[in-house]
Amino acid sequence: MDLSDLMFALYPYAKSLHIMAVLSWMAGLFYLPRLFVYHVEQAEKVQEAVPIFLTMEEKLLRIIMRPAMYVSWTAGLFIVLTPGIVDWSYLWPWTKGLSVIAMTWFHHWLLFRHRDFKDGRNTLTGRQFRMMNEVPTVLMAVIVISVIFKF
């Protein structure tokens, strides 16, 4: 059995792992901006809530989102490198790839916003975080449509 045969045999496992990791990552990408909304809005009223929000945000980023992002990327790269799986002459792998890069950028943007909260430098409002919460939704839609319709 050569490497291509091995990769093809492992493909269903990689795809399953990829889907599970993406679901976990997306859950974090949806939830963290919502936590930021509550953080901003509650910090104005109840200063004692700030350490609780910081802990929740930190654990979500470190324990769920970061590992899920790494596994999503690793399994996804394994999938696209498996011979015969992706036809690069179509548009869909490129739109998916660009959307995944944008999703990764958004993940890091959230990480920097968490650091702003930690350092007491947040300048964004709850409304601004609510608006940013739509970013992963749009990217997810582009990714799912790209993969399903394969245009």
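The second largest pocket of this predicted model has a volume of about 180 Å³, the space filled by probe spheres set on grid points joined across faces, edges and corners. A pocket here is an open set of points on a 1 Å grid over the protein atoms alone, where a 1.4 Å probe fits, with protein on both sides within 12 Å along at least five of seven lines; lining residues have an atom within 4 Å of a point. His39, Val40, Ala43, Phe117 and Asn122 lie nearest the centre of the second largest pocket. Its largest share of lining, 3 residues, comes from α1.

For the largest pocket, the residues nearest the centre are His18, Lys96, Val100, Ile143 and Val147. Helix α3 gives the most to this lining, with 9 residues.

| Pocket | Volume | Lining |
|---|---|---|
| Largest | about 950 Å³ | 32 residues |

Helices α2 (residues 50–81) and α3 (residues 92–118) pack at an angle of about 160 degrees, with axes 11 Å apart. That makes α2 roughly antiparallel to α3 (over 145 degrees). Helices are DSSP runs (H or I, at least four residues), numbered from the N terminus; axes are lines fitted to C-alpha atoms over the stretch in contact, and angles run from 0 to 180 degrees between N-to-C directions. The contact (heavy atoms within 4.5 Å) includes Leu61, Met65 and Trp73 of α2 and Val100, Leu111 and Phe117 of α3.

Residues are numbered from 1 along each chain as its sequence is written. Local features need pLDDT of at least 70, side-chain atom pairs count only at pLDDT 80 or more, totals for chains, interfaces and linings use all residues, and side-chain values use heavy atoms, without hydrogens and water.

How values were computed
Helices (H or I, at least four residues) and strands (E, at least two) are DSSP runs, numbered from the N terminus. Angles under 35 degrees count as roughly parallel, over 145 as roughly antiparallel, 65 to 115 as roughly perpendicular and the rest as oblique.
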